[in-house]
Amino acid sequence: MTSQALDADTAEQAVPLDVAARAIDLVKVYGSGDTQVRALDGVSAEFAKGEFTAIMGPSGSGKSTLMHCLAGLDSASSGTVRIGDTDLAGLSDKQMTRLRRDRIGFVFQAFNLVPTLTALENITLPLDIAGRKPDQDWLDTVLKRLGLTDRLTHRPSELSGGQQQRVACARALAGKPEIIFGDEPTGNLDSRASGEVLSILRAAVDEFEQTVVIVTHEPHAAGFADRVVFLGDGKIVNEMRDPTADTVLDRMKALEQA
Ligand SMILES: Nc1ncnc2c1ncn2[C@@H]1O[C@H](COP(=O)(O)OP(=O)(O)OP(=O)(O)O)[C@@H](O)[C@H]1O
Ligand SMILES: [Mg+2]
């Protein structure tokens with residue numbers, strides 16, 4: 001390698017990543033005494049802007065806890081969470097509500113849809129509350145790609161589980177938030193619907209420079225990501241870039257045996 005190439009490399013490494021979310025030494029302890037559980041045991045991770053990360057790991061390894069802490073839905077016992085440059089610990093309840101509303105989208109397994117509202121009303125609810133108008137082209141794209149255009153006037157009870165999950169996904173995407181968190185967003189979907197959800201999350205990253213972080217148990221879903229972070233017993237135990245379903249499956253097997 002020439003010295004010039006070396007300099008260029010070094011210079012590139014010196015440029016700090018544009019970080020959308022960051023966890024620093026995050027610890028979350030539930031309960032006390034004998035029943036105490038250390039759900040997160042010192043997790044530090046950065047989620048670069050415009051990147052799609054999948055979080056994997058066995059049941060109980062702390063994935064949902066990490067997502068909830070990152071998204072400001074739960075507070076850590078110690079450690080720091082930043083969304084962009086904002087330290088969540090420094091926010092009042094009101095500021096936290098506004099940050100979640102304006103900058104973060106969520107897709108969680110319990111869809112949290114409002115039963116009395118139609119699908120479309122549910123999808124635009126966060127925008128309505130914020131007094132923002134949806135970008136109609138983007139909204140149309142999301143609704144079409146998620147196969148929801150003929151379900152918009154239905155209430156959640158009139159939708160299948162998979163359709164409700166896609167409504168929750170559309171709601172998270174509608175406002176084009178900086179960062180979208182999904183806790184098993186494809187958990188209840190068949191392979192076609194799952195592919196639609198994953199490819200629209202991928203498009204949010206590639207076309208709109210949003211940041212996506214999802215929890216998944218499925219190597220196929222992780223294959224859509226730029227990076228996979230593996231949790232075990234509340235710690236990050238492994239990480240890989242440019243995953244494919246096959247390389248993720250191999251790594252999961254290796255981690256199980258370790
Ligand atoms: N509210 C709570 N009170 C007490 N313990 C909890 C609570 N929430 C989670 N835990 C415990 O914390 C640990 C991590 O839970 P978490 O839900 O983060 O796991 P997970 O990796 O998301 O698992 P899964 O794949 O099953 O969803 C588990 O041992 C769980 O029992
Ligand atoms: Mg979970």
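Q: Before we start, what is a nonpolar core?
A: A nonpolar core is a set of buried Ala, Val, Leu, Ile, Met, Phe, Trp, Tyr and Cys residues joined through side-chain atoms within 4.5 Å. The structure discussed here is a predicted model.

Q: How many residues does the largest nonpolar core have, and which have the most contacts inside it?
A: The largest nonpolar core has 42 residues. Inside this core, I123 and L173 are the residues with the most contacts.

Q: Where does I200 lie?
A: I200 lies in helix α7.

Q: Is I200 buried or exposed?
A: I200 has a relative accessible area of 1%. Buried means under 20%, so I200 is buried.

Q: What is I200 in contact with, apart from its neighbours within four places in sequence?
A: I200 is in contact with T141, V142, R145, L146 and L173.

Q: New topic: how many residues surround ligand 1, and which are the closest?
A: Ligand 1 is surrounded by 13 residues. The closest are S59, G60, K63, S64 and T65.

Q: What is that shell like by class?
A: The shell around ligand 1 has seven polar, four nonpolar and two charged residues.

Q: Where do oxygen atoms of ligand 1 lie relative to T65, K63 and G62?
A: For T65, an N or O atom in the side chain is 2.6 Å from an oxygen atom of ligand 1. For K63, a polar side-chain atom lies 2.7 Å from an oxygen atom of the ligand. For G62, the atom concerned is a backbone N or O, 3.0 Å from an oxygen atom of ligand 1.

Q: How much of ligand 1 does the protein bury?
A: Taken alone, ligand 1 exposes 640 Å², and the protein buries 59% of that.

Q: Which elements give two or more residues to the shell, and which gives the most?
A: The elements giving two or more residues are β2 (37–48) and α2 (63–70). Helix α2 gives the most, with three residues.

Terms used:
Residues numbered from 1 in each chain as written. Chains lettered and ligands numbered in written order. Predicted model: local features only at pLDDT ≥ 70, side-chain atom pairs only at ≥ 80, totals over all residues. Heavy atoms only, no water. Near = heavy atom within 4 Å. Polar contact = N/O pair within 3.5 Å; in protein donor to acceptor, adjacent residues only side chain to side chain. Areas by Shrake-Rupley, 256 points an atom, 1.4 Å probe, with all protein chains shown as cover. Helix = DSSP H or I, 4+ residues; strand = E, 2+ residues; numbered from the N terminus. Nonpolar A, V, L, I, M, F, W, Y, C, P; charged D, E, K, R; others polar. Buried < 20%, exposed > 50% of the residue type's maximum accessible area, 1.4 Å probe, protein only. Contact = heavy atoms within 4.5 Å.
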